Amino acid sequence: MKLIKSKNYQEMCAKVARIFAAQITLKPESVLGLATGSTPIGMYEELVRKYNEDRVDFGKVRTVNLDEYIGLSGDNDQSYRYFMNHNLFDHVDIDKAKTFVPNGLAADPEAECVNYENIVASMGGVDIQLLGIGNNGHIGFNEPCDEFPECTHVVDLTESTIQANARFFASMDDVPKQAISMGIGTIMKAKKIILMANGKGKAPIIYDTVFGPVTPQVPASILRFHPDVMIFVDEEAYSEIAKKCPDFEPETL
């Protein structure tokens, strides 16, 4: 695991975008594992800028997203399909037929989980997986629990996650209570994983992820067992490590 500290959010996003652009350049048909939420928006903006400057071509790229709310259609402005279209897919030359997000309106969510797991496997796995991290350590919608979920599954969202997402909805009652999420096992099969975190609120969980015990109560801690993980943080998200481990030296990029 490598920890890369940036001065601020913009610098962090630029660094991660360079890695994704290089992946696409070296392997134009790459399978990208993508994430939603506020953290990666700046990175997607950087990729769109590179595309507009003819520095990256998405024509052969395939993508799989981590998760989707159950009960939201893809044209709902709070769905993750809408998020990806709005923040990336609508602005580059990607074939949307090769972009995959779980179907939040599937009549049988459990069957959709199996279907989605098969889609990822049929692509030969993910070349590079982007992750954010929740304040409770969740990656995707893999919440703290008693064991690491292996495959794509239906998740009952925790109260803390529901409250964190409430700012995007008209009321607390409108926040979905369930989601379909790639499992930890699916995520860990990616050849390379990049996790992004910014802001002081993420500092405690970044410390726990890097230095705490590996436990399903901190789902992101399992990343320490992956052979190729890079965690990108800004100075605020690094602050807990700086305080508790003053001799630790983050890597530069």
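Helix α7 (residues 203–211) lies across strands β9 (192–197) and β10 (229–234) in this predicted model. Its direction makes an angle of about 155 degrees with β10.

**The sheet**

Both strands belong to an open sheet of seven strands. The order is β1-β10-β9-β6-β2-β3-β5, and the pairing is parallel. Which strands stand at the edges? They are β1 (2–6) and β5 (99–100). Each has a single partner strand, so one side of each is left without a neighbour in the sheet. Strands of a sheet pair through backbone hydrogen bonds, either parallel or antiparallel.

One pairing can be followed at residue level. Strand β2 (residues 31–34) runs parallel to strand β6 (residues 128–131), and two bridges join them. Leucine 32 of the chain stands opposite isoleucine 128 in β6.

Methionine 1 lies in the segment before β1. Leaving aside residues up to four places away in sequence, methionine 1 touches Val210, Leu223, Arg224, Val229 and Ile231. Methionine 1 is partly exposed, with a relative accessible area of 35%. Alanine 106 is 105 residues from methionine 1 in sequence. In space, the two C-alpha atoms are 37 Å apart.

**The largest pocket**

The largest pocket has a volume of about 830 Å³. It is lined by 35 residues, and Thr36, Gly37, Ser38, Asn165 and Arg167 are the closest to its centre. Which elements each supply at least two residues of the lining? These are β4 (67–69), α3 (80–87) and α5 (159–165). Helix α3 gives the most, with five residues.

**Cysteines**

How many disulfides does a search of the whole structure find? The count is zero. A disulfide needs the two sulfur atoms within 2.5 Å. Cysteine 151 is likewise in no disulfide, and its nearest cysteine sulfur is that of cysteine 113.

Is cysteine 113 buried or exposed? At 2% relative accessibility, cysteine 113 counts as buried, because the cut-off for buried is under 20%. Cysteine 151 is partly exposed, at 35%.

The table sets out the accessibility values.

| Residue | Relative accessible area | Class |
|---|---|---|
| Cysteine 113 | 2% | buried |
| Cysteine 151 | 35% | partly exposed |
| Methionine 1 | 35% | partly exposed |

Terms used:
Residues are numbered from 1 along each chain as its sequence is written. This is a predicted model: local features need pLDDT of at least 70, side-chain atom pairs count only at pLDDT 80 or more; totals for chains, interfaces and linings use all residues. Side-chain values use heavy atoms; hydrogens and water are left out. Buried means under 20% relative accessible area, exposed over 50%, partly exposed in between (1.4 Å probe, protein chains only). Two strands pair if DSSP finds at least two bridges between them. Helices (H or I, at least four residues) and strands (E, at least two) are DSSP runs, numbered from the N terminus. Contact means heavy atoms within 4.5 Å. Axes are lines fitted to C-alpha atoms, for helices over the stretch in contact, and angles run from 0 to 180 degrees between N-to-C directions. On a 1 Å grid over the protein atoms alone, a cavity is a set of points where a 1.4 Å probe fits but cannot get out, and a pocket is an open set with protein on both sides within 12 Å along at least five of seven lines; lining residues have an atom within 4 Å of a point. Grid points are joined across faces, edges and corners, and a volume is the space filled by probe spheres set on the points.
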